[in-house]
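Subject: Structure handover

Hello,

My notes follow below it.

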Amino acid sequence: MGGLSKKAYELELLGKQSKAPLLLLDGGSLLFTQDNLSPNRAAQARITADGIVAAYNYMGFKAVGIATADLATGLEFLKEIRDRSKFAWLSANLVQADTRQPIFQEGIQLEVGKLKIAVLGLTEERADQFLDKNAGAVILPWQEVLPGLVKRFSNKADLIILLSSYAQADNKKIAEQVPGINIILQAGPGARNLEPELAAGSLLLQVAPRGKQQGVCDVFWHASKVWQPDPTAELLAKEANVGRTRQQIVNFDRQEKASGYLSKNPAAKQAYEFLKGQLPDQEKKLAALRKNVESMKIGPREKARYGNRFIDLEKSRPDQPEVLAIVEKTKQQANLAARPAAPGPAREQPSYAGWRACATCHQRQADNWEKSRHAGALGTLTAKGQGRNLDCIPCHVTSVLTGNEPEALSLAADLQQVGCEACHGPGKQHIIDPAKWPLTRNPGEEICRRCHRPEHDDGFEFKSKLDRLGCPAGLH
Amino acid sequence: MKMFLTLIFVLTCLAGSAKAAPTMASPPGQDFILCYSNTIQGETEPCG
């Protein structure tokens, strides 16, 4: 949850820089990392969920959609969370099975500047399978609830925004079949940054998941309620493209000067020539577009317009201090809440031998590994006060798989690192009879990518890491 | 093949229109600024 303090900083900055009011909304799946959590993990995950809600309360969010992952520890917990939230939890189709009445709010109406804005919520039907069958709740198809809901709100709202955890294809159907929804915020499966797209009369917006980026859309509303694509967005994108082309040419020139890179590499030379050939045309089109955008700003507004962008919540950005304090406190509490899977002495994993067993034959490789950060992987976590954080642990030890995280808290000492077997596979049989039970000698990139995922390690580059970490050649 | 891959790489870089930009102020005149996110789901920084 570390990105929340960056998000809070950026939103605070945006609020100070802009005269227009901000409206903070979240499409859904706010609380949990998985759709279904084992009881072992639920206690810690609930503490983290509470921390996220405290941060959202502080930032001034107005509404959040209910998506599948929000139900991962049960409906009752979500109701408790709702009672601690200063924002609305929205779902029009999560209803009581017997009465068909919504369990949470279907929608809210807000005054934002001079506009009356309705915000509605829909929960993807896939969430139905994760509902506790004793909870007496079901998720209805959107077709049953949405048309009537939109009709009710459209009488009193200038603008309707839908928070939807359905997939994009479903959201397009919604836009086509239910007129009157002006913006759909998508939080469905496979979400990533998308340029805004017009579907029927609705503007579809989507930002990448896991809080690494923040979507920002300037809305210039018009009584016609008809969208016109804002050329500012295209201008920004084209400016960025031209900037990248220029930078790449400079980089190639620099490499050529330093080492004759282009002269030695025909493929790079061809790419360089291609870029240089493209640049004048790109610059010409950019100048024309800039002129067009300037003239549009002077003229009267005939339709609603928007300008969308994504703010990168990079690690280098500052933290908002109050939200950072919430994050740190929550991490500490979550860390303390973790309990081993079973009390008792440290346990060996059935098929893992531990790195010292490997070293009895592969001493040179073990010596090399001991100098690496993998050897101290759990230590780096502990130093951050996260040594018992079940979200983090599987990638900082050997042999613990997702879904079985509490095992990590009672591992044998030789497995409390990212050891040999984390990459080469379990070796207990191998040490008895190496010929009969050979291990993977050259683990591929996909093994690394299980942990070095973009959300944890943006800059992971397989080859350079392998050069630094790879075991010395030879078996012993 | 290598040449082809290099070209693909370059074109991919050029096509990055949906990438995030650094923070910048909004242009004036808008009625409101919609700030949206989804799927926060816990960790966004390396654990260790």
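A:Cys451 is partly exposed, at 27% relative accessible area. Buried here means under 20% relative accessible area, exposed over 50%, and partly exposed in between (1.4 Å probe, protein chains only). A:Cys451 forms a disulfide with A:Cys395, and the S to S distance is 2.2 Å. The cut-off for a disulfide is a pair of cysteine sulfur atoms within 2.5 Å. A:Cys395 is partly exposed too, with a relative accessible area of 25%.

The torsion about the S-S bond of A:Cys395 and A:Cys451 is about -95 degrees, so the disulfide is left-handed. A:Cys395 sits in the loop between helix 12 (377–383) and helix 13 (420–424) of chain A, and A:Cys451 in the loop between helix 15 (445–449) and helix 16 (462–469) of chain A, so the pair ties together parts that are 56 residues apart in sequence. Helices are DSSP runs of H or I with at least four residues, strands are runs of E with at least two, and both are numbered from the N terminus. A search of the whole structure finds one disulfide over all chains.

Ground rules. This is a predicted model, where local features need pLDDT of at least 70, side-chain atom pairs count only at pLDDT 80 or more, and totals for chains, interfaces and linings use all residues. Residues are numbered from 1 along each chain as its sequence is written, chains are lettered from A and ligands numbered from 1 in the order in which they are written, and side-chain values use heavy atoms, with hydrogens and water left out.

Confidence next. pLDDT is the predictor's confidence in each residue, from 0 to 100. The mean for chain A is 85, and 91% of its residues reach 70 or more. Among the elements of chain A, strand 3 (residues 88–90) has the highest mean pLDDT, 98. Helix 16 of chain A has the lowest, 79. Where pLDDT is low, the predicted coordinates should not be read in detail.

What about the other cysteines? The sulfur of A:Cys217 is 9.7 Å from the closest cysteine sulfur, in B:Cys35, too far for a bond. A:Cys217 is buried, at 0% relative accessibility. For A:Cys471, the closest cysteine sulfur is in A:Cys420, 6.8 Å away and too far for a bond. A:Cys471 is partly exposed, with a relative accessible area of 45%.

Chain A overall. Its secondary structure comes to 16 helices and 14 strands. Of its 476 residues, 48% count as buried. Contact means heavy atoms within 4.5 Å. Of the contacts in chain A with a separation of 6 or more, 68% are between residues 24 or more positions apart. The accessible surface comes to about 22,900 Å², and 52% of that belongs to carbon and sulfur atoms. Accessible areas use the Shrake-Rupley method with a 1.4 Å probe.

Now the rings. The whole structure has nine aromatic pairs over all chains. Rings of Phe, Tyr and Trp (its six-membered ring) pair if their centres lie within 6.5 Å; planes under 30 degrees apart count as stacked, over 60 as edge-to-face and the rest as tilted. A:Trp227 and A:Tyr306 are edge-to-face, at 5.6 Å centre to centre with 80 degrees between the planes. A:Trp227 lies in strand 13 (residues 227–228) of chain A and A:Tyr306 in strand 14 (residues 304–312) of chain A, so this pair ties together parts 79 residues apart in sequence. Both A:Trp227 and A:Tyr306 are buried.

The ring centres of A:Phe252 and A:Tyr261 are 6.5 Å apart and the planes are at 10 degrees, so that pair is stacked. A:Phe252 is buried, at 11%, whereas A:Tyr261 is partly exposed, at 32%. A:Tyr56, A:Phe61, A:Phe87 and A:Trp89 form one aromatic cluster.

Two more residues. A:Arg246 lies in helix 6 (residues 231–259) of chain A and is partly exposed, at 41% relative accessibility. Leaving aside neighbours within four places in sequence, A:Arg246 is in contact with A:Leu279 and A:Glu283. A:Arg246 and A:Leu279 are 33 residues apart in sequence but 7.5 Å apart in space, C-alpha to C-alpha.

B:Gln30 is in the loop between helix 1 (2–14) and strand 1 (32–37) of chain B. B:Gln30 is buried, at 10%. Not counting residues up to four places away in sequence, B:Gln30 touches A:Ala20, A:Asp218, A:Val219 and A:Phe220.

Best wishes
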